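User: I would like to go through one of the helices in this model. Could you show me the structure, please?

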Amino acid sequence: MLDKNDFQKRMQKIEILTQEVEALPDENARSKAIELMQLMMEYHGAAIERVMEIIAAQSSSDYIFDNLTKDELSNSLLLLYGLHPLALETRIEQALDKVRPFLKSQGGDAELINIENGVVNLQMLGSCNGCPSSSLPLKQAVEKAIYETAPDVAAIEMKSGEAAPKPKKFVQIKGIQSHPPQHQTSAATKMY
């Protein structure tokens, strides 16, 4: 079984070999090598997807998926093939929950605003606001936790300040009648 050090060495070797294949001067050889890698990835991806479907059909699938996502090698493989059982937003929230005790011990916190095109937008709160020297370790802790839990994010953007306002609920003010109008084209609405 691969330990963490062996895993990292093999990932580095894969990266080096991929770069060497992409730099091959013989276009035909480069094209065939890349096609071979893509076909192997598709084959492995289909096989892993089948395994995930078989696991999902079992009554203990939550327990199994939980253990797979806690294992670094299994977790990275699921991410690589786009088969991770947890949504990106869920993984980000888990990362924030993991680092939140440290943030709170320093008088800060972080709140997920949204995720757009793989970019995680966060609101840094509390002592994170206004003092770059004290907020740097907090921001680094948040980044580390997120990249460990969700290495597939494109970037992390952090805004300092007050909490983002909660989304306002849609409340229909006018147009509520005991008998619906027959020819009403629009209802007046207001957000609050």
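User: How far apart are the end C-alpha atoms of helix α2, and what span should its 30 residues have?
Analyst: This is a predicted model. Helix α2 covers residues 27-56, and at 1.5 Å a residue its 30 residues should span 44 Å. The end C-alpha atoms are 43 Å apart, which agrees with that expectation.

User: What caps the N-terminal end of α2?
Analyst: The cap is D26. One of its side-chain oxygens lies 3.0 Å from the backbone nitrogen of N28.

User: Which residues of α2 are buried?
Analyst: They are G45, I48, M52 and I55.

User: And what do those buried residues pack against?
Analyst: They pack against α3, residues 61-70, and α4, residues 72-80.

User: Let us take α3, then. At what angle do the axes of α2 and α3 cross?
Analyst: They cross at roughly 140° and come within 8 Å of each other. Angles over 145 degrees would count as roughly antiparallel, so α2 is oblique to α3.

User: Which residues make that contact?
Analyst: From α2 there are M52, I55 and A56, and from α3 there are S61, I64, F65 and L68. These divide into 6 nonpolar, 1 polar and no charged residues.

User: Changing topic: how do the axes of α1 and α2 meet?
Analyst: Helix α1, residues 4-22, has an axis that comes within 9 Å of that of α2, and the two cross at roughly 140°. Residues T18, V21 and E22 of α1 touch R30, A33, I34 and M37 of α2.

User: How many of those are charged?
Analyst: The contact of α1 with α2 has 2 charged residues, along with 4 nonpolar and 1 polar.

Definitions and conventions: Residues numbered from 1 in each chain as written. Predicted model: local features only at pLDDT ≥ 70, side-chain atom pairs only at ≥ 80, totals over all residues. Heavy atoms only, no water. Helix = DSSP H or I, 4+ residues; strand = E, 2+ residues; numbered from the N terminus. Expected span 1.5 Å × (residues − 1). Buried < 20%, exposed > 50% of the residue type's maximum accessible area, 1.4 Å probe, protein only. Contact = heavy atoms within 4.5 Å. Polar contact = N/O pair within 3.5 Å; in protein donor to acceptor, adjacent residues only side chain to side chain. Axes fitted to C-alpha atoms, helices over the stretch in contact; angles between N-to-C directions. Nonpolar A, V, L, I, M, F, W, Y, C, P; charged D, E, K, R; others polar. Parallel < 35°, antiparallel > 145°, perpendicular 65-115°, else oblique.
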